[in-house]
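Okay, thanks for coming, everyone. Let me put the structure up, and then I'll walk you through a few parts of it.

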Amino acid sequence: MENFVTDAINIKTYPLSEHDNIVLMFSRQGLIKGVAKGVKRPKSKLGARMQVLVANKLMLHKGRNLDTICQAQALNTFNKLRYDFDKLSYGMYLGELVSIFCKENSNSEEIYDIFYMTLEKISESSSKTEILLYVLKFQLKFMQILGYGIELKKCSICGCTIEENPIFLVDEGCVLCKKCEYKSLNKTKIPTKIRDFLSTIMDAKIEDKTIYDELVNEKICKTCFDLLKKYIDKQSPTSIKTLKILEENLV
C-alpha cells in the first residue's frame, strides 16, 4: 500500500485502543478515516493536531479498511473556536452536517473550501450575530452544492414571481404565493425583508460582505438559522445530534 498526502479538517475522534484514536476527517476528496497511533501519549508528535476542527496537511498510509496517519502539519487550528462556547458549538454543528451529507470518496473540493472558510470566519468573529451570519451563509451554500438549494422567489406550484411575504414550505425548501398556500401544510410566512436577506447571502461567497452584514441583528439571524436548520433536518438521513446542544445552550 502507498502513502498519500492531502489537506483535511478533523471532524470527530473515536477511541481505538489505550493509546490510539480513529479520526474522521473531511478532505478535498471527501470523508476519510485515519488511525492516529500513539496520539494519547504525552509526547505524541500528532498531539493537538488531531483535535476536532483542526485543518492539517497529512501524510497517510493507505490501508485496506483504515488509513494510518503518518505525519500532520497544522494548516489552521482555528484557535479562537476553542475559547468560545458559541463558536465551538456552531463549528461542531457544521462538522456534523459535513459528516452526514458527504459520502466517502466524493468530489468535495467546493464543500471543503466553504467549510474551511466558514470555520476561519467564525473563529475570527467578534459577536454572536457575526457567528450566525457565517453559519447561515454556510447552510445556504452547502445545501445548494448538494442539490438541496432553497427557492425563495418563485411559487413552486404556479411558478409566479412572489413580490411580498412568501410562504415557505419547511419540508421542501421552496415558497408558495398566497393563491397556492392552501395546497400545503407545514408552512411558515417569511417577511419580505428576511427573504431578501437570505437571497442576497445565498448568492454571495462566504467571505464576501453584503449590504446586510452591518444591518442584521442577532434576532433576525437566529430566526433564519432556526428556519434553515428545520429544512436541513428534514433532508438529513439521520438525526443531527449537535442540534440538541444548540437548542439547550444557545438560546
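So, Thr118 is buried, with a relative accessible area of 0%; buried here means under 20%, exposed means over 50%, and partly exposed is in between, using a 1.4 Å probe and protein chains only. Before I go on: this is a predicted model, where local features need pLDDT of at least 70 and side-chain atom pairs count only at pLDDT 80 or more, while totals for chains, interfaces and linings use all residues. Residues are numbered from 1 along each chain as its sequence is written, and side-chain values use heavy atoms, with hydrogens and water left out.

Back to Thr118. Which residues is Thr118 in contact with, leaving aside its neighbours within four places in sequence? Those are Leu94, Tyr134, Phe138 and Ile206, where contact means heavy atoms within 4.5 Å. And if you look over at Ile201, 83 residues apart from Thr118 along the chain, the two C-alpha atoms are separated by 13 Å.

Thr118 is found in helix α2. A word on the labels: helices (H or I, at least four residues) and strands (E, at least two) are DSSP runs, numbered from the N terminus.

Now the barrel. Five strands close into it in the order β1-β2-β3-β5-β4, and the pairing is mixed; two strands pair if DSSP finds at least two bridges between them. On average, neighbouring strands of this sheet are turned by 50° against each other, direction ignored. Helix α1, residues 85-101, packs on the sheet and touches β1, β2 and β3, its direction making about 110° with that of β1. Helix α2, residues 109-124, packs on the sheet too, touching β1, β2, β4 and β5, at about 60° to the direction of β1. For those angles, axes are lines fitted to C-alpha atoms, for helices over the stretch in contact, and the values run from 0 to 180 degrees between N-to-C directions.

Let's zoom in on β5, residues 67-76. Strand β3 (residues 30-36) runs parallel to β5, joined by two bridges, and Val35 stands opposite Thr68. On the β4 side, seven bridges join β4 (residues 55-61) to β5, and these two run antiparallel. There, Leu60 stands opposite Ile69. β4 and β5 also form a hairpin, with five residues between them.

Three strands form an open sheet in the order β7-β6-β8, with antiparallel pairing. Its edge strands are β7 (174-176) and β8 (187-189), each pairing on one side only. The twist averages 35° from one strand to the next. Three bridges join β6 (residues 167-169) to β8, and one partner pair is Ile167 with Lys189.

Last stop, two helices. How far apart are the axes of α3 and α5? They are 9 Å apart, and α3 (residues 128-146) packs against α5 (residues 218-235) at an angle of about 30°. The two are therefore roughly parallel to each other, since angles under 35 degrees count as roughly parallel, over 145 as roughly antiparallel, 65 to 115 as roughly perpendicular and the rest as oblique. The contact includes Leu132 and Leu136 of α3, and Phe225 and Leu228 of α5.

That's the tour, thanks!
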